[in-house]
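Here is a short note for a colleague who is new to this model. Please keep the structure open while reading.

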Amino acid sequence: MAARRSFWKPVLIAAAVATCIGTIGGLLTDTGLWYQSLIKPSWQPPDWLFGPAWTLIFALAAMSAIYAWRSAENESQRRWVVALFALNGLLNVLWSTLFFVVKRPDWAVLEVVLLWLSVLLPILVFWRRSTTASYYLVPYLLWVSFAAFLNLTVVRLNAPFG
């Protein structure tokens with residue numbers, strides 16, 4: 001029974017945290033009048049695509065967390081797994097806050113560099129112990145790279161802000 005619980009514990013925690021971060025980000029994302037008034041590039045995906053894309057990204061990140069947790073050899077390594085994903089979650093929510101709540105895409109484009117690094121870092125850290133955990137984060141890194149370029153383009157098309 002204890003083995004079964006220890007199998008499901010990281011799955012349930014990763015799913016719950018990914019769901020919470022995704023929900024918070026979604027609640028912060030206001031595509032109302034201010035957002036609609038922004039000039040956006042013609043190559044921006046339709047607004048409806050962002051929700052499913054982020055859902056997939058968070059599901060893959062949760063899978064990465066599960067593999068990284070299970071490959072950790074001790075409590076110290078597990079704390080690193082938690083810290084890396086907590087940092088990423090915080091930076092993800094901060095980006096949404098800066099862009100949609102504070103309405104400062106220019107600040108968000110600076111912060112997205114930190115968000116991008118918070119995806120790259122676990123890829124590099126997990127590589128030795130769990131390449132699977134690292135591979136699950138590659139789509140996230142690609143998506144944040146695309147989002148960063150989109151954010152920069154929106155800033156260039158609409159500046160100045162504030």
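The points below cover a helix pair and a cavity.

1. This is a predicted model; local features need pLDDT of at least 70, side-chain atom pairs count only at pLDDT 80 or more, and totals for chains, interfaces and linings use all residues. Residues are numbered from 1 along each chain as its sequence is written, and side-chain values use heavy atoms, with hydrogens and water left out.

2. Start with helix α4 (residues 75–101) and helix α6 (residues 131–158). Their axes come within 14 Å and cross at roughly 25°. That makes α4 roughly parallel to α6 (angles under 35 degrees count as such). Helices here are DSSP runs (H or I, at least four residues), numbered from the N terminus.

3. Which residues make the contact of α4 with α6? From α4 come F85, N88, N92, W95 and F99. From α6 come L137, Y140, N151 and V154. Contact means heavy atoms within 4.5 Å. The contact residues divide into 6 nonpolar, 3 polar and no charged. Ala, Val, Leu, Ile, Met, Phe, Trp, Tyr, Cys and Pro count as nonpolar, Asp, Glu, Lys and Arg as charged, and the others, Gly among them, as polar.

4. Now the cavity. A cavity is a set of points on a 1 Å grid over the protein atoms alone, where a 1.4 Å probe fits but cannot get out; lining residues have an atom within 4 Å of a point. The largest cavity has a volume of about 30 Å³, the space filled by probe spheres set on the points.

5. F85, N88, S118, V119, P122, L137 and Y140 line the largest cavity. α4, α5 (105–126) and α6 each supply at least two lining residues. The largest share, 3 residues, comes from α5. The lining divides into 5 nonpolar, 2 polar and no charged residues.

Note on methods: Axes are lines fitted to C-alpha atoms, for helices over the stretch in contact, and angles run from 0 to 180 degrees between N-to-C directions. Angles under 35 degrees count as roughly parallel, over 145 as roughly antiparallel, 65 to 115 as roughly perpendicular and the rest as oblique. On a 1 Å grid over the protein atoms alone, a cavity is a set of points where a 1.4 Å probe fits but cannot get out, and a pocket is an open set with protein on both sides within 12 Å along at least five of seven lines; lining residues have an atom within 4 Å of a point.
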